[in-house]
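Here are my notes on this model, point by point. Please read them with the structure open beside you.

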Amino acid sequence: MAIDKGPGTLVHHLSALKKGQRHFENAFQGVSRMILEEGIEKVVVNGRITYDFKIFRMGKKHPIGMYDEINSLVSFVKDAAEGGSSKEMAFVLVGEPGNGKTFFVEFLCGKYRQFLARPENVKYTFRFKGMDQLGSYGRLSVIESQTYEDPMVLAMNLLPTREESMAFVAKQGGFGDKAVEELFDSYRPLGACSGYIWNDIRNFTGGKPEAMLQFVEIIPVPLTESLGTVTGKYAAKDKITSSAIDLLGEESIQRLLHIADTNNPYRFDLRRGALARVAGGGIHFSDEIYKNKKDLVQVYLGVIQNRVIEIDGYRWPIDTLIIATSNNAEFNRFLSEKEEAPIIDRCRICYVAHNTDYTRQNELTVYAIGSDTKTTLSQEDLHQDPNLNYAASVAVVLSRLPRSEKLTPVETMKLAAGEVAGEKSLKTLAEVIDTLSQDPDIIKRFGQKGLGQRNLGRAIQLMVESSETNEGRCMVALDVFAALERIVLDYVPDAGDRAKYLEDLKIAKGLYRERIMTEMFNAYMDEPLAIRKDVMNYVNMIIGIDAENLGPNLMWKYKDPQTGELRALKIDERFVRNVEERIGLKTKEQRETFRTTIRKIYGQKISVDPNYDFMDNLELVKAVTDVRLKSDIAGAGSLVGALANRTNEENQKLYDRMITTMLDKLDYCRTCSQKTIEYFCTQEDEG
């Protein structure tokens, strides 16, 4: 009898493998290939060069930041794919609740399923058909490989000896000697039930390969997420309802009714457990692994080290990337129990920090607010204050930054976002992070403690449910501070943490006020980017003030790096001096030092980004805003006075004009524009 080479046969699978239409690789190699083929970028984070893997930035909702954690995972998977010690370990993400651990793992699993859905990456397994012919399997006619073993594993164990199997693969698949050697480097035995059934088939057919292969059918592994195949999640349960059965499987009464031979390991239903469903090159995700009771953790100990499912001495090899999560409290409790050291020893622990970049937090805040249009309780559209995202992002990020003697909270925040913080450099931030990372108490390290994404979500919920929001039909930025304060008081148990977070909220409110000053100036000038123009005017003036071609009328011609056009600028020495006085530069030496710093930043930034506008230099923006608002508008504080006192017609016209600009050009609604002007006119928390 000739060997069948049609579709769905083992020989057809081998020839597809030879042509490169299918792959034989383990879970680590598959995940590694998926990540690396999408490309890598170099980025600077907290003063250090690191790598950003593009696959984690794809899709509508993707992880934000997490550079160190992603680099650790990629390095771990790559090491395991290359046969390193990581292949006998689990990757465990440890951190505070609400900082994105579970979301990150589920995102990876989703991407892996998409990757395997592509025709060239589909995973295949095998099933035995015609089993009722053998007599000892009752009415069971089709039996699938319980651990979704790759057809190549069957090919490697096809004949009684390794040499015979190698010769068969070489001949039927058309592989050369070297290619066969490379394939067999990944040799692993068949699982207990597949091996037992294959032996029964060998005895039934008299050991003839062509007859034996008539019982084999190659099928794709189902990718249904809800079945838990290829990527499966096991969440820790309470002590009473959980057992090793949830992971490994158990003896099946239904199968025992059919199987005559009580020694047959197929009597165990492995798919009842979570591991067998991901054993064919999948990802097993154990959520809150250290919350499991001890005997379940002991099961994990064997699975992680040996990569086998073992029941009553029967063994099924599994090919699985094991990723787990844990919160700090559970992990520390587990760590304190010295007898549990072996399981920790088999884990690669990665401490997950909160996001500490307030510019990236903008995207996370959008996730918390929600992408759909918000409505009030009466189903009317709910407007979002244009400053809401900034206010919320700055408030939560400041809570995540530890205090330091070398940097103020605002300087730390600016540097962590890669922005300018006066004369302080990224090197100072890197030193602070290094010092904090020496602390054995994890939660004292940089970004490890603070208000998480869930706390931010709760604050947004409080805002939306408040009567002020519903009556005004607007989520006013100022209200987010009161909502976050309520969250701190209700959800932060530690008194020291509470005090720090409330102090951080005050700092955030101060930054919000500075932002409002800028917005008011833009509204007053009837120009959305008025303050930006004035900041760039100051920068260009201090560059041109020492120019050789400066005429007696102080007109300076320069080439605009953004447009490439030649421009003329009159240098206003009084404006330059006023800005520098607002910054607190009294002497000529101080002014020269500051100007040199600005020129240096200009030289570094413009060459990389011609659109750089110095708006991240809070000190300079605040000084320019103050000069324009308090000096140029007919005397100090006159805009505040005019807006607060609208009894005369002139002031009312100014107020109406600014409201119109805010509505038409700055994305405000009537509620938030009025409340913003009202807040601007109060002297509350100024400075």
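1. Start with helix H26 (residues 618–630). Its buried residues are Leu620, Val621, Ala623, Val624, Thr625, Asp626, Val627, Arg628 and Leu629. Buried means under 20% relative accessible area, exposed means over 50%, and partly exposed lies in between (1.4 Å probe, protein chains only). Helices (H or I, at least four residues) and strands (E, at least two) are DSSP runs, numbered from the N terminus. The length of H26 also checks out: at 1.5 Å a residue its 13 residues should span 18 Å, and its end C-alpha atoms are 17 Å apart, which agrees. The expected span is 1.5 Å times one less than the number of residues.

2. A word on the source. This is a predicted model, in which local features need pLDDT of at least 70 and side-chain atom pairs count only at pLDDT 80 or more, while totals for chains, interfaces and linings use all residues. Residues are numbered from 1 along each chain as its sequence is written, and side-chain values use heavy atoms, with hydrogens and water left out.

3. Now helix H21 (residues 479–491). Its 13 residues should span 18 Å at 1.5 Å a residue, and the end C-alpha atoms are 18 Å apart, in agreement. Val480, Phe481, Ala483, Leu484, Ile487 and Val488 are its buried residues. Seen down the axis of H21, they fall within an arc of 160°, so they line one face of the helix. The arc is that of the directions from the helix axis to the C-beta atoms. An α-helix has 3.6 residues a turn, so residues three or four places apart point the same way. What covers the buried residues of H21 includes helix H16 (388–400), helix H19 (453–465) and helix H22 (495–524).

4. Follow H22 to helix H23 (residues 530–544). The two pack at an angle of about 100°, with their axes 7 Å apart. Axes are lines fitted to C-alpha atoms, for helices over the stretch in contact, and angles run from 0 to 180 degrees between N-to-C directions. H22 and H23 are therefore roughly perpendicular to each other. Angles of 65 to 115 degrees count as such; under 35 is roughly parallel, over 145 roughly antiparallel, and the rest oblique. Thr518, Phe521 and Asn522 in H22 meet Ala530, Ile531 and Asp534 in H23. Contact means heavy atoms within 4.5 Å.

5. Next, the parallel sheet. Five strands form an open sheet in the order S7-S10-S13-S3-S14, with parallel pairing. Strand S7 (231–235) and strand S14 (347–352) are the edge strands, and each pairs on one side only. Two strands pair if DSSP finds at least two bridges between them. Neighbouring strands of this sheet are turned by 20° against each other on average, direction ignored.

6. Which residues of strand S13 are buried? Nine of its nine residues are. Both faces are covered: Asp319, Leu321, Ile323, Thr325 and Asn327 lie on one side, and Thr320, Ile322, Ala324 and Ser326 on the other. Six bridges join S10 to S13, with serine 286 opposite alanine 324 in S13. S3 and S13 pair over five bridges, and phenylalanine 91 stands opposite isoleucine 323 in S13. Helix H2 (residues 27–36) lies across S10 and S13, running at about 70° to S13.

7. Strand S3 (residues 90–95) and S14 pair in the parallel sense over six bridges. Valine 92 has isoleucine 349 in S14 as its bridge partner. Helix H13 (residues 328–336) packs on this sheet and touches S3, S13 and S14; its direction makes about 100° with that of S13.

8. Lysine 557 has alanine 568 in S18 as its bridge partner. Six residues lie between the strands of the hairpin, where glycine 564 takes a positive phi near 80°.
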